[in-house]
Amino acid sequence: MTKPSSADTPGLAPLLGEIRACRICVEEPIRVPLPHEPRPVIRASTTARLCIAGQAPGTRVHASGIPFDDPSGDRLRAWLGVDRETFYDAARIAIVPMGFCFPGLDAKGGDLPPRRECAMHWHDRVFAAMPQIELVLAIGQYAQGYHLGKARRASLSATVADWRAILAEERKPRLLPLPHPSWRNNIWLKRNPWFEEELLPVLRAEVSRLVDPHT
């Protein structure tokens, strides 16, 4: 039987429509307006049991409208042990970044932090509309700050290092913190071999179970 898509969901579909038409950061920004036209990027459904919570789209994703459509996405899919077809199947995997739109570049050419307007206006409603989510992969400090709140450790490294305790906490959905899959984190990965040796096998087992339609 074919699973329903987000378009078939009475409660979630209108919410996604509102998000994709959002212009809050242009018309009612907290500080400086978004420097370009908004292009919210989000994938969600009422059947996905796994949610990837990242940072915000970069320039390439802003151009394509496809989340993780870049080398970071290739590395993330390798971490998860899934192919592109599975990764982009919203019926199985939701992708809800902290900022839905590309936030622009700073003076050094790096991505600015996710816009605060997204979390303030949308995130609680999005996750309330997806009560079936069993596991959130919190990628980077901004996602970890939102999903862990005061339980976030002193740094991203400390948070990810304590992944076993965080995953074992009694919460719904459960949470697994991850570093960003950017190639800029190559040094971090080399300094923390436990990530690939210990965390990734658990991550892949969890993902395999959650995206399997028969479990």
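**Notebook: salt bridges**

I started with E134, which counts as partly exposed at 25% relative accessibility. The model I am reading is predicted.

I looked up the partner of E134. E134 forms a salt bridge with R49, and the closest N and O atoms are 3.3 Å apart. I noted where the two sit: E134 is in the loop between α6 (116–128) and β3 (135–139), while R49 is in the loop between α2 (24–27) and β1 (50–53). The pair links distant parts of the chain, 85 residues apart. R49 is buried, because its relative accessible area of 16% falls under the 20% cut-off.

I then asked which residues are joined with this pair in a network. R49 and E134 are linked with R174, E206 and R209 in a network of salt bridges.

Next I checked D69. Its side chain meets that of R84 in a salt bridge, at 3.8 Å from N to O. D69 lies in the loop between α3 (59–64) and α4 (71–80), and R84 lies in helix α5 (residues 84–87), 15 residues apart. D69 is buried at 15% relative accessible area, whereas R84 is partly exposed at 41%.

The last pair I looked up was R153 and E169, whose side chains meet in a salt bridge (3.7 Å, N to O). R153 is in the loop between α7 (140–148) and α8 (156–161) and E169 is in the loop between α9 (163–168) and β4 (174–178), so the pair ties together parts 16 residues apart in sequence. R153 is partly exposed, with 22% relative accessible area, and E169 is partly exposed, with 26%.

For the whole model I recorded a count of 15 salt bridges.

Key. Residues are numbered from 1 along each chain as its sequence is written. This is a predicted model: local features need pLDDT of at least 70, side-chain atom pairs count only at pLDDT 80 or more; totals for chains, interfaces and linings use all residues. Side-chain values use heavy atoms; hydrogens and water are left out. A salt bridge is a side-chain nitrogen of Lys or Arg within 4 Å of a carboxyl oxygen of Asp or Glu. Helices (H or I, at least four residues) and strands (E, at least two) are DSSP runs, numbered from the N terminus. Buried means under 20% relative accessible area, exposed over 50%, partly exposed in between (1.4 Å probe, protein chains only).
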